[in-house]
Amino acid sequence: MSRIGIMGGTFNPPHNGHVHAAQQAVEALHFDRLLLIPDNIPPHKVMPKGSASSEQRMEMTRRMAKLIPGAEASDLELKRGGRSFTADTLRRLTVENPGSKLYFIMGTDMLLTLDKWREPETICALAALAVIARDEKDRAAIAQKAAWLHETWQAQIEMIDCPALPVSSTQVREDRSVCRNMVPPEIFAYIEQQGLYF
C-alpha cells in the first residue's frame, strides 16, 4: 500500500520551518510520496497585502519540493478555485489514489482546533493525521486531543517529534535579512528575482 503525505499551506513564502517539518514527517512515516499543496484561498485567514500571487506561490512550492525526498508540488487547490477546504482535497486525493493510505500533516495548533473545521469527520475518515510536536507541552496537548478525536471520529493520529525552528512566514515577509537566513537559497533567489515582499 502506497503511503502519501499531504502538506498544505499558503507557502507565502515556504521557509526553512516548512522544509524541516516536511523532512521530519517523511523520515518518521516513510512516505512513498509527499504532496505539497498551496492553498487557493485559506478558509481561516486573509492573505496579507503584498502577498505572492498563486502562480508565484506555486513556483516557490516547486522549488521547496526539490529539497525533500519524494516530494512534489500539486496545484490541486489552486486549480479547484474558491476556498481551500481540506475535506474536499482529501476526497479528491482518495479518488485519484485508490488503495493508498493518506496522511495529512498538521501542526499542534491545527489539531487542537480540528473539530471547528469544515467536515472534521470526513478528514478523520479519509486520512491519518500526522501531527508535528515541537516540545513536551505539545506532546501532552496532542495526546489529550487525539484521545477525544479517536473516540469521536475514530481518528488515527501519528505524532512526529520536530523541534520548532524559530521562524514564521510573517517575519520572513517583513524583514529581508530574516528572509535571506530563513528561506532556502533557491526560494530566496526567486523572491529577489520577482521583487516579492520588500
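Leaving aside neighbours within four places in sequence, Met7 is in contact with His18, Ala21, Ala22, Leu34, Leu35, Leu36, Ile37, Met64 and Ile105, where contact means heavy atoms within 4.5 Å. The model is predicted, so local features need pLDDT of at least 70 and side-chain atom pairs count only at pLDDT 80 or more, whereas totals for chains, interfaces and linings use all residues. Residues are numbered from 1 along each chain as its sequence is written, and side-chain values use heavy atoms, with hydrogens and water left out.

**Nonpolar cores**

The largest nonpolar core has 35 residues, of which Met7, Leu34, Met64 and Ile68 touch the most other members. Such a core is a set of buried Ala, Val, Leu, Ile, Met, Phe, Trp, Tyr and Cys residues joined through side-chain atoms within 4.5 Å; buried means under 20% relative accessible area, exposed over 50%, and partly exposed in between, with a 1.4 Å probe and protein chains only. At least two residues of this core come from each of helix H1 (16–29), strand E2 (33–38), helix H2 (54–65), strand E4 (101–107), strand E5 (128–133), helix H9 (176–182) and helix H10 (185–194). Helices (H or I, at least four residues) and strands (E, at least two) are DSSP runs, numbered from the N terminus. H1 gives the most to this core, with six residues. A second, separate core of 23 residues includes Leu35, Leu76, Met106 and Leu111.

**Helix H1**

With 14 residues, H1 reaches 20 Å from its first C-alpha to its last, close to the 20 Å expected at 1.5 Å a residue, the expected span being 1.5 Å times one less than the number of residues. Its buried residues are Gly17, His18, Val19, Ala21, Ala22, Ala25, Val26 and Leu29. H1 is followed by His30, whose phi is positive, near 55 degrees.

**Aromatic rings and charges**

The structure holds four aromatic pairs. Rings of Phe, Tyr and Trp (its six-membered ring) pair if their centres lie within 6.5 Å, and planes under 30 degrees apart count as stacked, over 60 as edge-to-face and the rest as tilted. Two of the pairs are set out here.

| Pair | Centre distance | Plane angle | Class |
|---|---|---|---|
| Phe31 and Tyr103 | 5.4 Å | 50 degrees | tilted |
| Phe104 and Trp117 | 6.3 Å | 80 degrees | edge-to-face |

Because Phe31 lies in the loop between H1 and E2 and Tyr103 in strand E4, their pair ties together parts that are 72 residues apart in sequence. Phe31 is buried at a relative accessible area of 10%, and Tyr103 is buried at 2%. In the other pair, Phe104 belongs to strand E4 and Trp117 to the loop between helix H5 (108–112) and helix H6 (120–126), 13 residues apart; Phe104 is buried at 6% relative accessibility, and Trp117 is buried at 12%.

The charged end of Lys101 sits over the ring of Tyr103, 5.4 Å from its centre, and Arg118 lies over the face of Phe85, at 4.1 Å from the ring centre. A charge sits over a ring if NZ of Lys or CZ of Arg is within 6 Å of the ring centre and within 35 degrees of the ring normal.

**Thr122**

Thr122 is found in helix H6 and is buried, with a relative accessible area of 15%. The side chain of Thr122 makes a polar contact with the side chain of Glu119 at 3.0 Å; a polar contact is a pair of N or O atoms within 3.5 Å, where within protein one must be able to donate a hydrogen and the other to accept it, and residues adjacent in sequence count only if both atoms are side-chain atoms.
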